[in-house]
Amino acid sequence: MPGPKTATPTPPASLHSAGDPLHKGEGKDWYPSGLEHIWLPYAQMKTAPLPLPVVRTEGTRIYLADGRELIDGIASWWTACHGYNHPHIRQAVQKQLEVMPHVMFGGLVHEQALTLASRLAAMLPGDLDRVFFTDSGSVAVEVAMKMAIQYWLNAGQGKRETFVYFRGGYHGDTLATMAISDETGMHQAFAGLLHRHLVADLPEDEESEAALVTLLERHADTIAGIIVEPLIQGAGGMRFHDPSVLTRLRRLADHFDLLLIFDEIFTGFARTGTMFACESADVVPDIITLSKALTGGTLPLAATVARKKVFNAFWSDDPMHALMHGPTYMANALGCAAANASLDLFEDGGRLKQVACIESSLKQGLATCRDLPGVVDVRVRGAVGVVELEHIEDLNGLRSAFVEKGTFIRPVGSVIYLAPALTIGQDDIVRLTQAIADVLRERR
């Protein structure tokens, strides 16, 4: 028999301080009652500040229950690339909801998924043309890993079960993806549990490339693939690298007969200045993973896309050569409808022009931070702007200070970054960059 149910700690009295955060009208008790049962991400809930209750979004704005309005500087973890509540995406989802919200993808298909797969194949470079849908970025990377391992299994080379990944990288929070993320980050507690893969420095110069070559020479016969976040290592610290790194990785993968995987969950869909980051180096990976902005921040959806040679290794009369993976909500019709509508908004090239304008504005707006105490670096690429500090002592306090400035900016590690909607206006960029400069001056 289960033991007695223990009481969950009650939210602190500060819940109702600084202006009652609860929205007015029906259901006003949802916030305090719900907090007693929710488990929040990346938060020590005993000591973390209370989460902000959101009642509405629109464009680049987040509206709080107490009436405050915040400019979103990170597009809800980089998903809302067209801003919130875009009418074209909303209409597409509403139309699909009336017809068919979901149907299992085992033995059945539907128009939205097949149309989306065809469109992604046409947009991606080279022969990346077989699309496997999942519902989160971490799972998309896990599927890429399974594809790579089974690619070699099907070819009769079953000992290839390890991956080369890079310091500063991040590929997800599931057990498999934590094992190919930099363990100096948020996953240290699981280090002893995870499968051991091969970590290296990005080949940014002759010395680091030589070190990577040595690693590959020692272990090539056990390696399934190389995985990298192209151009920007996102959650690991918003670290930038040159397109030449991708060229080197492609060359080394070909030389050692390895699969090359690009994790474009963050960088895909114009974030870095080209539709996909790999285009900046004219490199075609063997497998690419996509998510985040795929549906314009509307519904969860992800995709793992493989080149012909990868898919052909699974094309067989042997049922055991099939890819045995199938999420319950794979190719969810609502999510695919949202993604198709999102792709519509990229078709005329206007978003890429907006990214170029954002890049220019971020460079200008963040330049004033360069000379502030504690600032190590200021860097901008596409619609990503970063102010790196020597360290951040009070991360929660810094986040709260930005809220007080009417902005939602969520520093991570030692970096303050902006990755706003691609539709953001110039005035909002100015307010975001000014908030960063002001907060850093005030907290010296």
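**Reading a predicted model through a few residues**

Student: Between which two elements is the loop where Asp257 is found?

Tutor: This is a predicted model in which local features need pLDDT of at least 70 and side-chain atom pairs count only at pLDDT 80 or more, while totals for chains, interfaces and linings use all residues. Residues are numbered from 1 along each chain as its sequence is written, and side-chain values use heavy atoms, with hydrogens and water left out. Helices (DSSP runs of H or I, at least four residues) and strands (E, at least two) are numbered from the N terminus. Asp257 is found in the loop between α8 (243–255) and β10 (259–263).

Student: What is the relative accessibility of Asp257?

Tutor: Asp257 has a positive phi of about 55 degrees although it is not a glycine. With a 1.4 Å probe and protein chains only, buried means under 20% relative accessible area, exposed over 50%, and partly exposed in between. Asp257 counts as partly exposed because its relative accessibility is 41%.

Student: Which helix holds Ser76?

Tutor: Ser76 is not a glycine either, and yet it has a positive phi, of about 50 degrees. It counts as partly exposed, because its relative accessibility is 34%. The helix that holds Ser76 is α2 (residues 75–78).

Student: Is Ser342 buried or exposed?

Tutor: Ser342 has its place in helix α10 (residues 333–344). Leaving aside neighbours within four places in sequence, Ser342 is in contact (heavy atoms within 4.5 Å) with Cys81, His82, Ile89, Ala293, Leu294, Thr295 and Gly296. Its relative accessible area is 0%, and therefore Ser342 is buried.

Student: Which residue of β16 stands opposite Val387?

Tutor: In strand β16 (residues 415–418), Val415 and Tyr417 point one way and Ile416 and Leu418 the other way, and all are buried. Strand β14 (residues 384–389) pairs with β16 in the antiparallel sense over 4 bridges, where pairing requires that DSSP finds at least two bridges. Opposite Val387 stands Ile416.

Student: Over which residues does pLDDT stay under 50?

Tutor: The predictor's confidence in each residue, pLDDT, runs from 0 to 100, and the protein chain averages 93, with 93% of the residues scoring at least 70. Where pLDDT is low, the predicted coordinates should not be read in detail. The model has 28 contacts beyond four places in sequence for the stretch where pLDDT stays under 50, which is residues 1–26.
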